[in-house]
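Here are my notes for you to read alongside the model. Have the viewer open and click along as you go.

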Amino acid sequence: MESVWSKSVSFKKREPLKGDISVNTVVIGAGIAGLLTAYRLKQKGIETAVIEANTVCSGQTKNTTAKITSQHGVIYSKILNYYGEAAARQYAALNQKAIDDYEEIINEKGISCHFKRKSAYLYTLGDDKTIYKEGAAAQKVGIPCRLTTKTELPFSVRAALVFDNQAEFNPLEFLCAIADELNIYEHTQATKIVDNVVYTNRGAVTAQNIVLACHYPFVNFPGMYFMRMSQERSYVVSSEYDKELNGMYIDADGGLSVRSYENQLLLGGGAHRAGCPNDKDPFKTLEQAGKRLFKGFEVNSRWSAQDCITLDSIPYIGRFSSAAPNMFVLTGFCKWGMTTSMAGANIVSDMIIGKYSEDFNVFSPSRLSVFASAGNACVNTAETVKGFAKHLKITSLTEKDVKNSSAAVIRYKGKKAGAYRDENGRLYVVSLKCPHLKCTLNWNNSTKTWDCPCHGSRYDYRGALIDNPAQHLSILLN
């Protein structure tokens with residue numbers, strides 16, 4: 001699986017860290033959040049090093065649908081309800097500014113990345129009350145928006161909320177340009193943090209400031225982000241298409257996401273909690289929708305992404321914990337990482353140089369609203385309990401019961417394990433205990449991966465780590 005962005009861009013290789021170093025600030029993670037934070041710090045004259053366990057933009061950034069917008073589904077009515085008008089206004093202003101910031105950098109540096117201003121549509125096929133309520137909330141907090149029932153989609157909508165003057169781009173083309181200016185160490189995995197030292201598999205980095213921009217924080221304590229986030233997978237397919245859409249579209253009820261890119265049409269959807277896959281193959285479902293709705297739709301690329309979802313749908317951006325004053329975090333982007341990564345980079349870089357007031361920050365990781373968080377917290381707890389309980393279930397299947405191109409839970413050397421047999425008959429047996437916090441991994445047939453339903457760690461069928469917070473590189477047993 002390869003996204004349309006990955007097909008058009010390749011980053012230059014960076015050397016791993018070679019021994020111990022000292023810098024003012026170290027950023028962990030070379031995805032869009034980490035690179036933008038390092039770029040902003042460089043602009044402010046702060047010596048910064050970026051360390052990356054794999055390669056630049058090898059994680060979620062390459063699998064986005066790349067919408068730069070302050071339209072984040074049904075969000076402003078939620079924030080008004082949870083935290084009040086001042087918080088909702090700040091969220092709106094920071095994300096609106098982020099769109100302009102992208103354009104400013106792109107124009108200033110002459111970056112060719114297919115940046116285009118377009119309208120963002122939040123539509124519904126069903127009950128339109130949510131759309132009207134969200135529109136009223138957005139207008140109240142200062143976002144110019146309008147309601148319509150007319151779109152260029154090949155089906156009728158009940159209502160749509162339109163945010164004009166938003167944007168789309170090729171994120172890897174943009175990041176390739178700004179990464180050239182940054183000090184980046186690839187294949188350098190952070191393993192632990194003690195005080196102001198980040199220990200890696202290549203050496204130690206001593207820094208006055210430590211920024212965790214590694215998708216999901218691997219540090220469990222303090223902060224306990226594993227209790228405050230879940231992870232959700234979503235899927236995208238693309239096809240050649242002879243018409244460029246004037247807008248970008250997202251269904252308020254979890255249906256299709258639609259946008260165009262050059263001569264390509266991108267359809268997204270099929271979201272589910274990581275480790276809890278749907279019965280139907282989401283790629284096939286999207287392909288069927290494309291063929292039904294768009295003439296000549298033939299899939300030429302498909303990919304999937306994983307997003308951290310916070311308890312109240314607002315990212316965690318700011319000081320990691322009151323017990324770790326030199327650590328900062330950017331996580332929980334809730335599928336809107338293009339815009340909130342820029343907003344987060346602005347916030348964290350200003351905090352590091354002492355120019356951002358922490359008295360009021362809608363993204364603050366230390367915020368607490370029982371009303372906003374209770375429902376999702378209960379769901380997360382229930383999934384964790386189920387994840388542990390699955391260790392107790394007994395299976396009678398063995399290696400002989402695993403057919404080619406299929407997976408099963410088996411008994412292996414007297415213990416429960418996961419097994420996948422490839423099309424050539426080779427068997428791969430892995431541990432089903434997630435190394436992060438020992439939940440039971442589940443098989444996702446659409447991506448051929450073993451996924452954790454508790455906190456979203458993922459391994460391919462060969463046992464190699466794909467997504468954190470787990471830090472173990474392999475769970476292969478045979």
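1. Some ground rules to begin with. This is a predicted model, in which local features need pLDDT of at least 70 and side-chain atom pairs count only at pLDDT 80 or more, while totals for chains, interfaces and linings use all residues. Residues are numbered from 1 along each chain as its sequence is written, and side-chain values use heavy atoms, with hydrogens and water left out.

2. Let's start with Gln-306, which sits in strand β15, residues 299-310. (Helices are DSSP runs of H or I with at least four residues, strands are runs of E with at least two, and both are numbered from the N terminus.) Is Gln-306 buried or exposed? Gln-306 is buried, at a relative accessible area of 1%. Here buried means under 20% relative accessible area, exposed means over 50%, and partly exposed is in between, using a 1.4 Å probe and protein chains only.

3. Now look at who surrounds Gln-306. Leaving out residues up to four places away in sequence, Gln-306 touches, among others, Gln-60, His-215, Ala-274 and Asp-467; contact means heavy atoms within 4.5 Å. Its side chain also makes a polar contact with the side chain of Gln-231, at 3.0 Å. (A polar contact is a pair of N or O atoms within 3.5 Å; within protein, one must be able to donate a hydrogen and the other to accept it, and residues adjacent in sequence count only if both atoms are side-chain atoms.)

4. On to the helices. Two packed helices are described by the angle between their axes and the distance between the axes. For α3 (residues 76-83) and α4 (residues 85-109), the axes come within 7 Å and cross at roughly 145 degrees. The axes are lines fitted to C-alpha atoms, for helices over the stretch in contact, and angles run from 0 to 180 degrees between N-to-C directions. Which residues of α3 make the contact? They are Tyr-76, Ile-79, Leu-80 and Tyr-83, and they meet Glu-85, Ala-87, Ala-88, Tyr-91 and Ala-92 of α4.

5. Strand β13 (residues 257-261) is mostly covered, with five of its five residues buried. In a regular strand the side chains alternate between the two faces of the sheet. In β13, Ser-257, Arg-259 and Tyr-261 are on one side, Val-258 and Ser-260 are on the other, and all are buried.

6. What does β13 pair with? Strand β12 (residues 247-251) is joined to β13 by two bridges, running antiparallel; two strands pair if DSSP finds at least two bridges between them. Tyr-249 has Val-258 as its bridge partner. β13 also pairs with β14 (residues 264-273), antiparallel, over five bridges, and there Arg-259 stands opposite Leu-266.

7. Check the two hairpins as well. Between β12 and β13 there are five residues, and Gly-254 takes a positive phi near 90 degrees. Between β13 and β14 there are two residues, and Glu-262 takes a positive phi near 50 degrees.

8. Finally, find Pro-315 in the loop between β15 and β16 (316-321). Pro-315 counts as buried, at 1% relative accessibility. Among the residues it touches, not counting those up to four places away in sequence, are Tyr-91, Phe-333 and Arg-367.
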